[in-house]
Amino acid sequence: MPEKVLILHRFPKSQMVRIGQSYALLDAAGKNPGEAFSAEELRSVRVVLAAGGRKLGGDIMDMLPGLGAIICYGTGYDGVDLKAAAARNIAIGNSPGANASSVADMALALTLASVRRILVADGFIRDGSWAASKPSPLMRPQLGMGGRKVGIYGMGEIGRRIAARVAAFESEVGYFSRRRHDVPYLYLESLEALADWCSVLIIAVRAGPETHHIVNADILRRLGEDGHVVNIARGSVIDQAALVAALRDKTIAGAGLDVFAREPHAPDELTALPNVVLAPHVGGHTLEGHVAMQDCVLANLEAFFSGRSLPYAVSS
C-alpha cells in the first residue's frame with residue numbers, strides 16, 4: 001500500500017499528479033482536516049503537504065498524532081508555526097530556490113510594467129485615446145531603466161537572480177539583507193539607506209515577524225516621487241494601507257505587486273489605482289517552476305518515508 005500524504009491546503013489537481021503517482025493523497029481541499037476526515041483517518045497520517053504561506057499551527061498538528069513531517073510546496077514556510085513543530089519533533093521541508101528564476105522573471109516584468117507604465121499605454125490604445133490624439137498626464141515621459149538605481153531587499157536565491165537581470169538593463173544595483181554577500185553589488189547598511197539610495201525597490205526578503213510591515217510609510221517616502229516598489233515576496237512585508245496612500249498621494253510613482261496582505265483578495269483601493277500593476281501571486285507559476293518544486297517535494301517525501309533526514313529541510 002502506498003504511504004498516505006494529507007494535502008492540507010487547496011492545490012490545483014494538475015500540481016498533484018506526479019505526487020499522486022507514488023503516494024495515496026488525502027485531499028482536505030482547504031478545509032480543516034477534522035472536518036474533512038475522521039479522527040481514525042487522521043491518526044495514520046505521517047506527512048502533510050502544505051502551502052507554506054498559509055497558517056499551520058499547533059492546533060492542526062495536534063489533530064495528527066502521527067505527524068512527523070510538514071512538506072511545503074514552494075520556497076515559503078512563513079505560515080508554519082516552527083516552534084510548535086519543533087516541540088512536537090516534526091520536521092519541516094520546503095523547495096528552496098526551485099522557482100527562483102521564475103519569480104525573478106516576474107519581478108522584472110512588474111518592474112518594467114510599472115516603470116514604463118505598460119498597462120496605462122495599453123489602455124491608451126484600447127480606449128481610442130491614441131488614435132484621437134487625446135492628451136494624458138499618465139503618458140508623459142518617465143525615467144527609464146538605464147542609469148536607474150534599483151535596490152533589492154533580500155539577497156537570497158531570488159534576490160541574486162533579480163540583481164543579475166536588473167544589471168542587464170544598465171541599471172545600478174544595490175541591496176540590503178541581514179548580512180553582506182559576496183556579490184558585485186553595492187551593499188547598503190539598512191533598509192532606510194537602501195530606500196534613500198534607490199528609486200526602484202524590489203522586495204525579495206523572507207516573510208516573518210521581523211519583516212512584518214517593514215516597508216512602511218517612511219520607507220515609501222524615502223523612494224521619492226519618481227520611485228516604484230515591486231513586491232514578489234509576501235504581502236505582509238508591506239504596510240498595504242501606507243502603500244495605497246503613497247500611490248494615491250503620488251508620494252511614489254507606481255508599484256508592481258504579485259502578493260497581497262489578504263490573498264486572494266486585492267483591496268478595491270489598490271485595484272482602482274492606475275499607477276499599480278497587479279498579478280495574482282503567479283511569480284513561480286511556470287511549468288519549469290512547478291516541476292522543480294515537485295522534485296523537491298518528492299525528494300523530501302522519499303527521504304522521510306525511508307527514515308532519512310529531509311534533503312530540503314527548514315531549520316527552526
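Modeller: Let us begin with burial: buried means under 20% relative accessible area, exposed over 50%, and partly exposed in between, for a 1.4 Å probe and protein chains only. Ser114 has a relative accessible area of 5%, so Ser114 is buried. The model is a predicted one, in which local features need pLDDT of at least 70, side-chain atom pairs count only at pLDDT 80 or more, and totals for chains, interfaces and linings use all residues. Residues are numbered from 1 along each chain as its sequence is written, and side-chain values use heavy atoms, with hydrogens and water left out.

Colleague: Where is Ser114 found, and what is Ser114 in contact with, leaving aside neighbours within four places in sequence?

Modeller: Helices (H or I, at least four residues) and strands (E, at least two) are DSSP runs, numbered from the N terminus. Ser114 is found in helix α6. Contact means heavy atoms within 4.5 Å. Leaving aside neighbours within four places in sequence, Ser114 is in contact with His228, Gly254, Ala255, Gly256 and Val277. The C-alpha atoms of Ser114 and Leu273 are separated by 12 Å, although the two residues are 159 apart along the chain.

Colleague: Is Glu210 buried or exposed?

Modeller: Glu210 has 56% relative accessibility and therefore counts as exposed. Glu210 is found in the loop between β9 (200-203) and α10 (217-223).

Colleague: How are two packed helices described?

Modeller: Two packed helices are described by the angle between their axes and the distance between the axes. Axes are lines fitted to C-alpha atoms, for helices over the stretch in contact, and angles run from 0 to 180 degrees between N-to-C directions. Here, helix α6 (residues 100-115) and helix α8 (residues 157-167) pack at about 45 degrees, with axes 8 Å apart. Angles under 35 degrees count as roughly parallel, over 145 as roughly antiparallel, 65 to 115 as roughly perpendicular and the rest as oblique; α6 and α8 are therefore oblique to each other.

Colleague: Which residues of α6 and α8 make the contact?

Modeller: From α6 they include Ala100, Val103 and Leu108, and from α8 they include Ile158, Arg161 and Ile162. Ala, Val, Leu, Ile, Met, Phe, Trp, Tyr, Cys and Pro count as nonpolar, Asp, Glu, Lys and Arg as charged, and the others, Gly among them, as polar. The contact of α6 with α8 has eight nonpolar, one polar and four charged residues.

Colleague: At what angle do α1 and α13 cross?

Modeller: Helix α1 (residues 13-20) and helix α13 (residues 287-305) cross at roughly 40 degrees, and their axes come within 10 Å. This pair, α1 and α13, is therefore oblique. Gln15, Arg18 and Ile19 of α1 meet residues of α13 including His290, Val291 and Leu301.

Colleague: Which residues touch the most other members of the largest nonpolar core?

Modeller: A nonpolar core is a set of buried Ala, Val, Leu, Ile, Met, Phe, Trp, Tyr and Cys residues joined through side-chain atoms within 4.5 Å. Of the 61 residues in the largest one, Ile162, Leu201 and Val229 touch the most other members. Helix α6 gives the most to this core, with nine residues. Apart from it lies another core, of 23 residues, among them Ala28, Ala50, Ile70 and Ala84.
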